[in-house]
Each structure stands twice: as C-alpha cells, then as structure tokens.
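Hi,

Here is the structure I promised to pass on. Have a look at it first, and my notes on what turned up follow below.

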Amino acid sequence: MMASLRARLLWWVLLPLAAFMFVTGMLSYSAARQTADLVQDNALLASARTIGEDVTWVNGALSAVIPPAALEIFESPYHDHVFYKVVAGRDRLLGGSPDLALPEQAEAYPAFYDTMLHGQPLRAVAYQRQLYDSGTVLPVTVVVGKTQGSRMAMIEDLWHPQLARQGLMLALAVALVLIGLTTELRPLMKLKDDVADREPMQLEPIRVAHLHSELRPIVDAINQCIARLNLQASTQRQFIADAAHQLRTPLTLLDTQVQFACQCSPHDPALTDALAGIRRTSRKMIEITNQLLLLAQAESAPKPAADAAVDMTQVVSSALEELVLAAQRRHIDLGAELDGDLRVAGSEHLLGALVANLVDNAIRYTQEGGHVTAAGRREGDEVVFEVVDNGPGIPAELRAHVFKRFFRGASDSDGTGLGLAIVRRIAQSHGGTVAVAPGPGRVGLVASVRLPAWRGLEEPTR
Ligand SMILES: Nc1ncnc2c1ncn2[C@@H]1O[C@H](COP(=O)(O)OP(=O)(O)OP(=O)(O)O)[C@@H](O)[C@H]1O
Ligand SMILES: [Mg+2]
C-alpha cells in the first residue's frame, strides 16, 4: 500500500533534519565537556599551586600549611568533596589524605589524571615544586582531587539549553511542514472531491483555476479523457436514435401489412401477396438488426490480440463461397486473386464481415453480367485487400459520405446504409484504413483496405 504523500514528505524532511540535529547535539555536548574540563582543571591547578606556595622549611623540617583560599576555590552548590595530599621526596606524607593516589607515571608536571577514592571517581592534578635547603633539593608534590558533581552540572548547564533549542527547532519544522502540506494539498483534495462527487453523465471538464503547475498535466489528461467520453456518449446517443428511426420504418410497414392481411379472406389471392410483403419486411428488419449488432461489435472490439493470426486467404475464400449464389443470380462473374502471405492480427469474425460487406456491395450495385474481383496481396508491412467491380462506381462528391452510418447512395437499393461504416470501424479497430476510388479506366469502383501484416509472436504489443 502506498503511504500518504504527507507522511512521505514529512519523512523526507525530518529524517535528514533529525540526523543533522543528532550530530550537532553530539558536537555541542563534547564542546560543553571540554569547557567544563578546562574550567575544572584550571581550578585544580590553582588550588595545588596555592598549597605548594605555602610549603616552607620550619626549623629544618618541611611544613605544609593549607591556606583556606586553596580549597574555597571549589565552593559550589554541588558540595563536591575535595581531597589533597602533600608529599615530600618520594613518599613522605606532609599532610592530607594518605589514600589519594599519585599519578601512575607523570612525565611532566602539572599532571592531570582521573582516579578513584573511597569508591568515588575523582579528577586530580599533581603539581611539583623543588625546595632548596642548604644545598639539598627536595621535590614536593601537591595532589588535589575533587569529585565530579559541579563538573557534571556545568556540562548540563552548557549543553541542555542548546539541546532544548534544537528540540524546539525540530518541533517547529514538523509543525511548519504539516501546516504547509495541509495547505498545499488542499487543491488536490478539492480536485478529488470534484471528481468523486460527479454524476455518472456529468461530463463537463474539470476547472483548473488555482491549481499547482505539477497538477495541471493530470487535470489536462483527465479532461481529455472526459472529452473522449463525451464524444463517445454523443455518438452512442446518435446511434441509438438512428437505429430506432431505421427500425421504426419497417415496423410501421409491417403493421400496415399485417392489418391488410387480417382483412383478407383465407382464399383471397391478395393474402399471398400480403404475406410475401410481410416476409420481405421482416427479412429487412433482420438485416438491419444484424448490421446494427455487427457495428456495435466492431465499435467495442478491443485492439487485436497479437497472438491471434488470421489468414485473409481463408477469410476471403469462405466469404466468397457464401456470396457466390447471390453473384450467380445476377450473372456476375465473381473471382479471387489472392497472392502471398496474407496473415493479419485480429478477429476472424469481424474480418469476415468486412470482406462480406465489400463483396456484397460490389455484387449488389454492379449491373447484371458485370465482373467483381476480390484481390489480396502483400505490400511491405501491409496486407492490401481490394474489391474491384465494373459497376456504376460512386460519384466523387458522394465518396466522402459513403462511410457515414445510414448513408445510402441509390435510394432505391434495399440496403441499410451501415455496410461501409462497419467496414471502416473494423479496419480502424485492426489498425488499418479503408478507401474507395474509381476502378481501372475510371470504370466501376475499387474499395481497398490496408491492414498491418502479422508480425509473429516475437514482438509483443507494449
Ligand atoms: N461497389 C459499389 N458500387 C457502387 N456504389 C456503391 C458500391 N458500394 C457502395 N456503394 C454506395 O454506397 C452506399 C453505402 O454503402 P453501404 O454498404 O454503406 O450501405 P448499403 O449497401 O446501402 O447498406 P448495407 O450494406 O448496410 O446493407 C450504397 O448505398 C451505395 O449507394
Ligand atoms: Mg452495403
């Protein structure tokens, strides 16, 4: 599941911000520690020096008097314990706590070190002074150590305000990002409501005022889709109106014919004529209904599946077989010239209807004794299928109209006017085209359909 845009953006902003704050927090902690250590070490050294200054010879013996100022320096509300020790030479204790350890190995003085006393961690300094007396030199080491209470407090005093400031900044960033996102996402939410609240047939475009430039392409795409739906809906409305109109005429005729037949007595010869008329009308209605169904099928046909190859040679042959009787009845010479690999991708049923409609037209509109030829050949990547006749042809000014639904040239013909509309729709749904032109020597008509040739399975549609 896709997380919300808001959560994801928040994550992108907060993750680096939090990492940055963690690093600066660590840096400011170590800076605070360094400052506290420096202050503490300076105080320890000052105290050790003060004690060291007051070690003097009294009557030939060393004496260490601890001046109060030396320890007052550490006074703080944290009641740190301060320990000291004065050692003459290597280990002669002159005063202070005997347990306070000297630095393990001091290369230079003053030496700062960490140690433990009575289970408490101490920071200590060892300071050394040379005392001279009648030619002898005696080193005196002063050690001052102190518990860590005030140091820790100082680190916290230095570090905590910084931490609080950064926490506040983080909280402020979260709040601003949330407020900003909510405000900026409002047009998107409005767009969602606008689309969601629509009635099924409410097909006006979405208004695009106050919309971010990033959203405009989406809205434009939706609007284009709505426009296509609109076109489709109005075409369908027109189609239903036309179909109803086309069916109403034979139905009215049928009603009149049935009424007339009902008035005839059983042995009246007019009854036979009336019944023949009824049969013609009902056949015409079946024909119209079939053509309407075929057109509906062709309109809703999906793009041809790439894995279904249809051989036009077979499609044309079987269509001609069905129409050969009609051709014979009109003494028309019906022939076929099929050459090469005529496989295309698509629906056998629909392509069969395409061929049948074109050949049916040629047979129907060509004068008795005429010629009709169904020809198929390869031209590069295309399969070209042509129906050539030597009939009256279609006048140039009508050629643009013959593909329209319900358009019929000769008003005395008993067609429905849907044949060429169906042919064009089927050709389009197979990725092809159809055109009509005068025949050879400007006699008759050539109806030609171009379809993309079958390219095999190695090139799947993407
Ligand atoms: N081979 C042709 N020769 C002359 N005119 C043609 C030919 N084919 C089509 N036409 C003209 O084009 C018109 C439209 O043809 P279309 O096939 O669309 O309709 P239809 O034949 O009248 O009816 P349907 O095919 O639905 O039964 C026809 O009425 C006819 O006037
Ligand atoms: Mg026709």
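Let me start with helix 1 (residues 5-53), which lies across strand 3 (82-88), strand 5, strand 6 and strand 7 and runs at about 35° to strand 6. Helices here are DSSP runs of H or I with at least four residues, strands are runs of E with at least two, and both are numbered from the N terminus. For the angles, axes are lines fitted to C-alpha atoms, for helices over the stretch in contact, and the values run from 0 to 180 degrees between N-to-C directions.

Before going further, the ground rules: this is a predicted model, where local features need pLDDT of at least 70 and side-chain atom pairs count only at pLDDT 80 or more, while totals for chains, interfaces and linings use all residues. Residues are numbered from 1 along each chain as its sequence is written, chains are lettered from A and ligands numbered from 1 in the order in which they are written, and side-chain values use heavy atoms, with hydrogens and water left out.

**The sheet under helix 1**

The strands that helix 1 lies across include members of an open sheet of five strands, ordered 4-3-7-6-5 with antiparallel pairing. (Two strands pair if DSSP finds at least two bridges between them.) Strand 4 (92-96) and strand 5 (111-117) are the edge strands, each pairing on one side only. From one strand to the next the twist averages 30°. Within this sheet, strand 6 (residues 120-133) and strand 7 (residues 136-146) are joined in the antiparallel sense by eleven bridges; one pairing to look for is Arg129 with its bridge partner Val140 in strand 7.

Helix 1 also carries Val23, which counts as partly exposed because its relative accessibility is 46% (buried means under 20% relative accessible area, exposed over 50%, partly exposed in between, with a 1.4 Å probe and protein chains only).

**Salt bridges**

There are 14 salt bridges in the structure, each defined as a side-chain nitrogen of Lys or Arg within 4 Å of a carboxyl oxygen of Asp or Glu. Take a look at Arg151 in helix 3 (residues 149-196): its side chain meets that of Asp37 in a salt bridge at 2.4 Å, N to O. The two sit 114 residues apart, Arg151 in helix 3 and Asp37 in helix 1. Is Arg151 buried or exposed? Buried, because its relative accessibility is 13%. Beyond its neighbours within four places in sequence, Arg151 is in contact (heavy atoms within 4.5 Å) with Arg33, Ala36, Asp37, Gln40 and Lys146.

Then there is Arg450 with Glu382, where the closest N and O atoms are 2.9 Å apart. Arg450 belongs to strand 14 (residues 445-452) and Glu382 to strand 12 (residues 382-389), so this pair ties together parts 68 residues apart in sequence. Arg450 is partly exposed at 29% relative accessible area, and so is Glu382 at 31%. Salt bridges with shared partners join Arg377, Glu379, Glu382, Glu386 and Arg450 into one network.

Going through the pairs:

- Strand 9 (residues 333-338) and strand 11 (residues 371-379) run parallel over six bridges, with His371 as the partner of Asp333.
- Strands 11 and 12 run antiparallel, joined by eight bridges, and Arg378 stands opposite Val383. In their hairpin, with two residues between the strands, Gly380 takes a positive phi near 65°.
- Strands 13 and 14 are antiparallel, with six bridges; Ala437 stands opposite Val446.

Cheers
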